[in-house]
Every structure is written in structure tokens, then in C-alpha cells.
Amino acid sequence: MSAVGDDIPLSEGGQLLLERIEADSTEPLWVLCWGGTNVLASVLLKIQNTKSEAVAAALRSKLRVYTISDQDDTGVWIRHRYPDIFYICSVHGWNMYGMAAWCGISGDGWYGFDKGGPDPSKISKEWIRENIQIGPLGSTYPDYMFIPEGDTPTFLYLIQNGLGVPERPEWGSWGGRYIATDISAKGLRNGHYSDTVDEAVGLDGKTHKSNHATIWRWRDAFQNDFAARMQWTLSPELSKANHPPVIILNGSKGLEPLHFELEAGSTFELDASETYDPDTNDSLTFTWYQYKDPSATQWSVHHEVGQLQFEPLNSTGSKVEVTVPPPEKCCLELISREALPRGQLLHIVLEVKDNGTPPLTSYRRVTVQTLNEKLLGGGGGAEAIGDVMRDMMIHGYSPICVAVTAVPCDSNWDAGYPNSSSLFHAVSVWLVGRPR
């Protein structure tokens, strides 16, 4: 904050940033912060001091900030003073960067997380020397000291390859997955997105669950993409390097997600058979899977999110039939088990990978809004906790205790249960377990 104040003039960088914020454009302005946010803080203060409240708010609404943790004391100040700003940031103890999601890009060896999960082969100095430090541009790429490309998740987040949607941090992308810190309409409603977790199968064949996994799960693909881009710098001839496949899904060639609204239990088809590769000799591999983590509202993804079923319809796997889970698996309120007319938003990812050198991957996301027009499948209430405990034991956890927290009807919590006449409402259930 020593660089921010009413009487402190903007730096040259601050002036340039202010010009871009004030530019006549309706497009969002992405501000990627790698070493602290004092320049952004000084510009925000300048706007506050020189613009009307309405104009200042309109200018802030154009901002999309993705910062690599808080590397000075202005980040907390910004989020407290301007909570309306769209702001992606891992929050943790000071200087404890190994706790941040962005370290998943390459920090597993240095920081020691998710041992056996991430594949370190494509972040080694040998791999970088052979694939990145080549040609007129790559030869200037320095050897790394701690971890390579630590700030790069902010850039990967904006690469449009059919996987991520920049306005939806909770959906996940090469740049990680982040969720809203505060979803309440009554608290300090803000635009801050912070770390969440993904489950990903690691190099060791085991499932790992961490914030870092939201990035390292894509490492093979984004490092191959990096290597291919360096090849592009070596020759002007298109045929001298590999290029990613172009996905056409159900006749749509764009990168935006395909969205369906479908009744629970129904089936539909996805057809990517028109997909092609710009390099005529490359063959393609199609992989369809459900990305469950963005659909979950809490930690236990497999206890909450309904399972989609995929049935191949041709020999290449480019066309599949998808079955939506039944209403009792995707259209019930988590605790009360009350049937809902609109249930979970389920995510499908299509990966298409070529066999070029290096092999490159393109994506297409499909979202399925589950519907339950007849309100089927409801009931169970607290009995559903027994189902969860059973699932925990099946998956290797021994329950220690179940505690139900109750709140009197006349408390503020009652506003959410207007139809109940019981003396107490059970508002939370805690399952405590230990691995067998």
C-alpha cells in the first residue's frame, strides 16, 4: 500500500491500465497479475477519486482479474474496498504459495503435494531444453530456479480450446477451477473466486483430490500445446508442425459449449463424426467423459452428482448415446431429498487427440440441465444419510459419528423452511469418518 494513495501519482503502467479501462469497449478487460496488485489498486483509487459513483462502478464492471495469490498487501484491500470486481485469487497464509491452486502447473516436486499423481516428465529441465529452448525465440527462454511457468495459469485460463469458459471459473479449464467465495445474497456479496478441488487419476493410477489437481490434470495437453507453439516459430510452412483438431459437434464448429435441457432418465445423441484435423495424415482419438466436479455443491462429489452413461454408436467413438441419470440421482435437494423441477447441471467433455508430434488435444464441452417436470423421485429425507454412510463404508471409510445440528423454528433459519411446523429444523449433518 506504500505505492497507493490520494497524493501518489499513477505509474506509467498505471496510466496505461487506466487508458484501457476507460477505452470505448463493451468487452471485458482481463488483468493478469503476477507479482502483486499495487498498480491495479492505485488505478482503482484514482477512478474512485475522479469519477461519479455510477461511472466508477461501470468501469469496475469491465474488469476481470486473475491474480497469482496475494503477493503484496493491496489484494486484500481491493477485495474489501471493491467487492463487486470479478476477482480470481487463491487465498492462503502469507508466502505459503504451495497451498495455491496455480502451483498445480509444475510445483509438485518443489512443494511436495499430490505425490505420485502429477506426471513430472514434461516439466523437467531436460524436456524444456529439448522442446522449448529451441529456435530464435525459445533460445531466450531461461532455466527455471523454483518451478517453471508459475504465473502461466492466468494465461492458460484465457486460451480458447473448447474446454474453459472465462466467465465461468467454476467450470474449470487449463488455468484451474475456482468457485465463488460467497454465494449468499445477505452477506458481503462479492465477485471473489477462490480455490476448490478436483478429483483426478494420477500417474500412479490412484485418484487424487486437491486444488492443485484442477490444473495438473491437464498438464500433458497444455505442455504438448506449448511444445507445438515453439515448433510453429521454426518454419513458416504449415506442414512442418502439428496443429490441433477442429471439433464439429452436432453440426456446430464453434468453441462455445453445447447446452441441453433434458428430462432425467432420457437419452440423447452427440455426434462429432464431422471433426477433422488440419494435418491430413493425422488420425484422431475421441474420448467422452463426465466432468463431475463442476456439478457438485460440496466435497463428496460421488455422493451428490448423478452419473451419465455413454454408449458408443460407431467404431471410431465419434458418436455416442448419452443417458441422463434418473430423477432420484440428479433432481433432489441434497439433504431434504425433496424433488426439484430443475436439478443438477451436468458437464460432459469431449477430448479429441491427434497422433502428430507432439500430439495435440482439442475439447468441446456439453452442459445438460436436468429437468423433473413431474417431480418424481422425492422422499427419504434423513434416511438418505444412511445411504451416504453405506457408500462411505463401501468406499473404505468407517463412520465414527453422526451429529445433527438443530435450530429453533423462531430463529432466522426458519425463513428458508416456511412450510415446516416442527419445533426444530435439522440444518446440517456432519459425517466424520476415517480410512479403514
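Analyst: A polar contact is a pair of N or O atoms within 3.5 Å; within protein, one must be able to donate a hydrogen and the other to accept it. The model discussed here is predicted.

User: At what distance does a polar contact join the side chains of His92 and Ser69?

Analyst: Ser69 is among the residues that His92 touches, when those up to four places away in sequence are not counted. The side chains of His92 and Ser69 are joined by a polar contact, and its length is 2.7 Å.

User: Which backbone oxygen does the side chain of His92 reach?

Analyst: His92 is located in the loop between strand E3 (86-89) and helix H5 (108-111). At 3.3 Å, its side chain reaches a backbone oxygen, that of Met96.

User: Is His92 buried or exposed?

Analyst: The relative accessible area of His92 is 19%. Buried means under 20%, so His92 with its 19% is classed as buried.

User: Which residue of E2 is the bridge partner of Val31?

Analyst: Strands of a sheet pair through backbone hydrogen bonds, either parallel or antiparallel. E1 and strand E2 (residues 63-67) run parallel and are joined by five bridges. In E2, the partner of Val31 is Val65.

Technical notes:
Residues are numbered from 1 along each chain as its sequence is written. This is a predicted model: local features need pLDDT of at least 70, side-chain atom pairs count only at pLDDT 80 or more; totals for chains, interfaces and linings use all residues. Side-chain values use heavy atoms; hydrogens and water are left out. Two strands pair if DSSP finds at least two bridges between them. Helices (H or I, at least four residues) and strands (E, at least two) are DSSP runs, numbered from the N terminus. Buried means under 20% relative accessible area, exposed over 50%, partly exposed in between (1.4 Å probe, protein chains only). Contact means heavy atoms within 4.5 Å.
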